[in-house]
Amino acid sequence: MGPQRQMMDVVVRSTGRYVPERVFLNHEFESFLDTSDQWITERTGIKERHLAAPGESVSDMSLHAARQALERAGLGPEDIDLIVVATVTGDTVFPSTANWLQGKLGNTRGWSFDINAACSGFIYSLSTVTALLRSGQARRALLVGAEKMSAILDFTDRASCVLFGDAAAALVLEAVEPEQNGEGYGIGEFYLGSDGSLAEILYQPCGGSSSPPTFSSVQRHGHYVKMQGQDVYKNAVRRMDEVVDGVLKKQGVAPESVDWFIAHQANVRIIDSVRERMKLPAERFYVNIQRYGNTTSATIPLCLDELVCDGRLSAGQNLVLFTFGAGLTWGSAFLKWGVPAGLAPAPGDIAKRDISDNEEAAAGAPAAPVEVQR
Ligand code: ACO
């Protein structure tokens with residue numbers, strides 16, 4: 001046995017995000033689907049979503065978000081020793097999108113891999129990265145949640161294609177000695193679960209080894225998202241309640257002491273049902289689904305980055321991040337926002353972290369029109 005290491009604390013050092021330039025409004029679906037802005041808004045809370053350009057890959061989107069997070073932390077690519085991408089729409093089946101991202105970033109000293117847990121991908125990845133940092137297997141990690149859902153949506157299926165969007169968001173996470181973190185900032189408890197017996201209520205049937213691509217699989221739309229919406233909805237409401245209660249109990253914190261509940265953004269009605277059951281004010285639940293739709297692995301870090309950029313997070317605030325997704329999978333994490341003094345980015349850096357950074361990134365992206373009618 002080697003020497004025993006003390007467990008490290010893990011803090012979020014910075015965030016970044018990227019959303020593609022093209023905004024696709026609800027009413028644009030009306031030209032080729034039997035749907036309406038009113039139906040989509042009332043049933044889901046979504047008003048618009050961003051769609052990647054045809055040549056724009058998940059690693060491209062991740063690169064923008066990652067560079068922004070690194071810059072805000074005052075770090076370069078070589079300061080990172082672990083890169084994890086949460087995605088179900090990776091550039092290629094293999095190698096991982098994290099590998100592609102590593103190459104594009106120019107990082108040579110780290111190791112990189114993807115995690116596929118659908119809409120729970122970010123929380124599962126956060127748990128994995130935290131465990132690796134806590135145990136000393138890496139010191140600084142880049143965690144990206146990124147999706148090009150438009151690549152796997154069936155734009156003839158009104159029940160699913162209106163729900164999703166494309167985006168990437170990144171965190172830089174760092175291990176710190178507990179002695180240097182007197183305030184106890186950083187990642188706390190997790191509550192995670194899954195039920196593989198319900199895999200078929202939300203999945204992409206073809207393209208994997210159980211059903212490799214064929215002419216017929218393409219004709220049958222087998223490479224697109226298939227969803228039994230009502231079953232997913234019922235399970236989501238139940239599990240979202242469970243994960244919030246579960247992580248608060250593990251952490252020993254009362255719901256009233258939580259400053260921000262940041263839910264996976266799948267349907268505003270699912271978030272509202274959790275909030276109503278807990279009898280908590282809407283102001284404590286961050287919701288941005290109206291602008292992005294469900295961006296799967298990207299929703300929670302996207303919310304975090306917006307809160308940071310809007311100056312709405314302050315050191316010492318308690319956050320609960322929670323999710324539910326295909327698999328079925330679910331999970332939550334407790335986070336005490338803040339970084340120990342020696343690591344904190346200068347306040348001026350935070351002020352610069354506004355949407356203009358993102359617009360600059362978007363300007364560099366391919367501007368080809370989005371083709372959604374196949
Ligand atoms: N426009 C108009 N009508 C529609 C649309 C649409 N876009 N989509 C469905 N409908 C119709 C249905 O065909 C149905 O018509 P019918 O009564 O004539 O049969 C009617 O609306 C009602 O359909 P429901 O499925 O009962 O509608 P519901 O209120 O349940 O809303 C929705 C559907 C929004 C999909 C909801 O079930 C939901 O949000 N489910 C969860 C989805 C989710 O969270 N998915 C992501 C999980 S995360 C991941 O891992 C990827």
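Mentor: In what follows, Ala, Val, Leu, Ile, Met, Phe, Trp, Tyr, Cys and Pro count as nonpolar, Asp, Glu, Lys and Arg as charged, and the others, Gly among them, as polar. The model is predicted: local features need pLDDT of at least 70, side-chain atom pairs count only at pLDDT 80 or more, and totals for chains, interfaces and linings use all residues. Residues are numbered from 1 along each chain as its sequence is written.

Trainee: What makes a residue part of the shell around the ligand, and how many residues surround the ligand?

Mentor: A residue is near a molecule if its C-beta atom, placed from the backbone, lies within 6 Å of it. The ligand is surrounded by 23 residues, and the closest are T35, C119, G229, A266 and G325. Two or more residues come from each of α2 (37-44), α6 (158-161) and α8 (229-251), where helices are DSSP runs of H or I with at least four residues, strands are E runs of at least two, and both are numbered from the N terminus. The most is given by α8, with five residues.

Trainee: How does the shell around the ligand divide into nonpolar, polar and charged residues?

Mentor: There are 13 nonpolar, eight polar and two charged residues in the shell around the ligand.

Trainee: Which domains does the shell around the ligand draw from?

Mentor: At least three residues come from each of domain 1 (9-183 + 342-364) and domain 2 (186-336); the bounds come from an automatic or database domain assignment.

Trainee: Why is the protein called as compact as a globular protein of that length?

Mentor: The protein has 13 helices and 14 strands. Its radius of gyration is 20 Å, close to the 21 Å that the globule rule gives for 374 residues, so the protein is as compact as a globular protein of that length. The radius is taken over C-alpha atoms, and the rule is 2.2 Å times the number of residues to the power 0.38.

Trainee: How do you know whether K279 is buried or exposed?

Mentor: K279 has 8 other C-beta atoms within 10 Å and is therefore exposed. K279 lies in the loop between α9 (268-278) and β12 (285-286).

Notes. Buried ≥ 20, exposed ≤ 12 C-beta atoms within 10 Å, placed from the backbone.
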